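Hello,

Here is the structure we spoke about. Please look it over before reading my notes below.

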Amino acid sequence: MSGVPESSASSGAVGSGGVTERRLHPVTPLRRAWAPFAVLVGWAVHDPNGTQQRLSALTTTTLLLGSAAVLIGGAAYGFLSWWFTHFAVTDTELRIRTGLFFRRTAHIRLDRLQAVDVTRPLLARIAGVAKLKLDVVGAEKKDELAYLGERDATELRAELLARAAGFAPEKAREVGEAPVRGLLHVQPRMLAFSLMLTGAPWVMLVAATVVPTVLWFATHNLWTVLATGLPILGGAFASSGGRFIKEYDWTVGESPDGLRIDHGLLDKAHETVPPGRVQTVHIVQPLLWRRYGWVRVELDVAGSANTVLVPVAPRELAEAVIARVLPGARVPEPAELSRPPARAAWCVPLWWKGYGLVVTDAVFAARHGLLKRRLSLVPHAKVQSVRLSQGPWERYKGVADVRVDTGANKTVTARLRPAEEAATLLHSQASRSRTGRDRARPDRWMA
């Protein structure tokens, strides 16, 4: 039988195998109703002069009838898209059937489910609904259920995670939401101040002032100025105000199903960092943050788009959170990092001083960046392959790069190591990786 509570969605039909299928929340048609309008707007923007000529040739009655047809068509499209969308939870999978003209059925195996995120955009919060996003091992794109009632989305999320943990269907509904223990909360004032201390917003603002001014004096064309200046202004906002809105009220908590992350000023998001799926942890420290001892923590997670763990925090607090992501590992101190030899300056002048490497019992840690430092920690068990690369000039100077590839299709590089050390590291790291995988615990929910 379906594991979805009776109140979680509109009633639906009985599908194959006697599984009761459910529909999404009744406000969902509004999500798709705008599609015909988007087509018309795109067509109008593509040929603005022709659109203006065609509209001017139409009578008022024709315009009214055309507008009514578009409204009715949008409403019908949204309703039919909702009507032909069903979902059901079986003993082994979450099944989602969609498609108005072309039918698509997604079979999401519960034992492959690694994260279920709840997001509530601003308009969805007003309507009292939420969206479920599903992270599945091996899937490049997230499947989603949009929209469910807020309470129903929370209950369905808890049930799916319990089922992914191995609980029986009748037991999973009783488990409910796993308890959470708070680890970190980022104050909005601290977040705003940290964004002001990063260089990207200021560089973009200067560019947004200088570049359009130069273009105006060079071309005297308003459209050229707007077409150049507006994207630059948008980039400046995205790197400052946009990040503040997205990372506002950032909270990290620990639960049996992983680390819970809640954030957002307008759009609320409830995300999960799945246990055992983190491939790399990046500790980022811009130049002006060093005075305050602040860092940013980013992640590479296999099969997940969630990349930020901590937007800004004192190093001590950030390391405490990292310890929950990488049990048994510690963050190396800056003094422990071994720099490249002085002859590496002939390969990368000045910036060679920003590179560093240390290998501990738990992680392969490489740093790069002179002004903006970035320390990457790769657990030995997550290393998929190790490579040594050496260009002609590096070979002449007796240095080489050691690259480790992870399960998230990412690469961490220890640059400009002495050639003898790099060759030894190549073989020793391969051995550490094999040993780490043998000793690694299985990636299971709530284990």
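Start with Leu205. Is Leu205 buried or exposed, or in between? Its relative accessibility is 39%, so Leu205 counts as partly exposed. Buried would need under 20%, and exposed over 50%. Leu205 sits in helix α9. Keep in mind that this is a predicted model.

Leu205 also belongs to a nonpolar surface patch of about 1300 Å². Other members include Phe193, Met196, Trp202, Trp216 and Tyr292. Which helices supply at least two residues each? They are α8 (188-196), α9 (199-219) and α10 (222-238). The largest share, five residues, comes from α10.

Now the annotation. The unreviewed UniProt entry marks residues 63-85, 191-216 and 222-239 as "transmembrane region". I checked two of these spans against the model.

- Residues 63-85: 91% helix, 0% strand, with the end C-alpha atoms 33 Å apart.
- Residues 222-239: 94% helix, 0% strand, with the end C-alpha atoms 26 Å apart.

Next, helix α4, residues 60-83. How does its span compare with what 24 residues should give? At 1.5 Å a residue, α4 should span 34 Å, and its end C-alpha atoms are 34 Å apart, so the two agree. Buried residues in α4 are Gly74, Gly78, Ser81 and Trp82.

On to the rings. The structure holds nine aromatic pairs. One of them joins Phe79 and Trp82: it is tilted, at 5.7 Å centre to centre and 50° between the planes. Why are these two about one helical turn apart? Because Phe79 and Trp82 are three residues apart in helix α4. In an α-helix there are 3.6 residues a turn, so residues three or four places apart point the same way. The two partners differ in cover. Phe79 has 41% relative accessibility, so it counts as partly exposed. Trp82 has 12%, so it counts as buried.

A second pair is Trp289 with Trp294. This one is edge-to-face: 6.5 Å centre to centre, 75° between the planes. Trp289 and Trp294 are both buried. Ring pairs also link them with Phe193 and Tyr292 into a cluster.

Best wishes

Conventions
Residues numbered from 1 in each chain as written. Predicted model: local features only at pLDDT ≥ 70, side-chain atom pairs only at ≥ 80, totals over all residues. Heavy atoms only, no water. UniProt positions renumbered as here; feature names shortened; annotations may be inferred. Helix = DSSP H or I, 4+ residues; strand = E, 2+ residues; numbered from the N terminus. Patch = residues over 30% accessible without salt bridge, like charges linked within 9 Å, V, L, I, M, F, W, Y side chains within 5 Å. Areas by Shrake-Rupley, 256 points an atom, 1.4 Å probe, with all protein chains shown as cover. Salt bridge = Lys/Arg side-chain N within 4 Å of Asp/Glu carboxyl O. Buried < 20%, exposed > 50% of the residue type's maximum accessible area, 1.4 Å probe, protein only. Expected span 1.5 Å × (residues − 1). Phe/Tyr/Trp six-rings, centres within 6.5 Å; stacked < 30°, edge-to-face > 60°.
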